[in-house]
Amino acid sequence: MENRIKELREGRGLTQEQLAKRMGVSRQTIISIEAGRYNPSLLLAHRLACEFGKIIEELFDFSNPEGGMKDE
């Protein structure tokens, strides 16, 4: 799933490690979310949204949840 986590994190001047600590997860989790290899739980998605002052839908693109072509 595509997301804006890296863009928003960098816009705030946060490192992956800093964001991970704020979210209570590992840096590897943040790396995986940013790369689109891992979809966070609803709770973590909510925490991320709150951190950036956004709603979940503004962080994650739900139009393609499986990661394949959008028109498949």
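Does Glu7 count as buried, partly exposed or exposed, and at what relative accessibility? At 48% relative accessibility, Glu7 counts as partly exposed, where buried means under 20% relative accessible area, exposed over 50%, and partly exposed in between (1.4 Å probe, protein chains only). The structure is a predicted model, in which local features need pLDDT of at least 70 and side-chain atom pairs count only at pLDDT 80 or more, while totals for chains, interfaces and linings use all residues. Residues are numbered from 1 along each chain as its sequence is written, and side-chain values use heavy atoms, with hydrogens and water left out.

The overall architecture is described first. The protein has five helices and zero strands, and along the sequence these follow the pattern α-α-α-α-α. Helices (H or I, at least four residues) and strands (E, at least two) are DSSP runs, numbered from the N terminus. Of the 72 residues, 35% count as buried. The protein exposes about 4700 Å², of which carbon and sulfur atoms supply 49%; these accessible areas come from the Shrake-Rupley method with a 1.4 Å probe, and for residues only the protein chains shown count as cover. Contact means heavy atoms within 4.5 Å. Among contacts between residues at least 6 apart in sequence, 52% join residues at least 24 apart.

In helix H3 (residues 27-34), the buried residues are Thr29, Ile30, Ser32, Ile33 and Glu34. These buried residues pack against helix H1 (5-11), helix H2 (16-23) and helix H4 (42-52). H3 is followed by Gly36, which has a positive phi near 80°. In H4, the buried residues are Leu44, Ala45, Leu48, Ala49, Glu51 and Phe52. Seen down the axis of H4, they fall within an arc of 160°, so they line one face of the helix; the arc is that of the directions from the helix axis to the C-beta atoms. Leu42 and Leu43, on the other side of H4, are exposed. The cover over the buried residues of H4 includes H1, H2, H3 and helix H5 (56-59). Just after H4, Gly53 takes a positive phi of about 65°.

Glu34 of H3 is buried, with a relative accessible area of 17%. Apart from neighbours within four places in sequence, Glu34 is in contact with Asn3, Ile5, Lys6, Arg9 and Gln16. The side chain of Glu34 makes a polar contact of 2.5 Å with that of Arg9. A polar contact is a pair of N or O atoms within 3.5 Å; within protein, one must be able to donate a hydrogen and the other to accept it, and residues adjacent in sequence count only if both atoms are side-chain atoms. A further polar contact, of 2.8 Å, joins the side chains of Gln16 and Glu34. Gln16 belongs to helix H2 and is buried, with a relative accessible area of 16%. The side chain of Gln16 also makes a polar contact with the side chain of Arg27 (3.3 Å).

A search of the whole structure finds five salt bridges, a salt bridge being a side-chain nitrogen of Lys or Arg within 4 Å of a carboxyl oxygen of Asp or Glu. One of them joins the side chains of Arg4 and Glu7 (3.0 Å, N to O); Arg4 is partly exposed, with a relative accessible area of 27%. Another joins Glu10 and Arg9 (3.9 Å, N to O). Glu10 is partly exposed at 45% relative accessibility, whereas Arg9 is buried at 6%. Arg9, Glu10 and Glu34 are linked in a network of salt bridges. The side chains of Arg22 and Glu51 also meet in a salt bridge (2.6 Å, N to O). This pair links distant parts of the chain, with Arg22 in helix H2 and Glu51 in helix H4, 29 residues apart. Glu51 is buried at 18% relative accessibility, and the residues that Glu51 touches, not counting those up to four places away in sequence, are Arg12, Leu14, Leu19, Arg22 and Met23.

The aromatic rings were examined last. Rings of Phe, Tyr and Trp (its six-membered ring) pair if their centres lie within 6.5 Å; planes under 30 degrees apart count as stacked, over 60 as edge-to-face and the rest as tilted. By this rule the count comes to one aromatic pair. Phe60 and Phe62 form this tilted pair, with 6.5 Å from centre to centre and 55° between the planes. Phe60 is buried, with a relative accessible area of 6%, whereas Phe62 is partly exposed at 44%.
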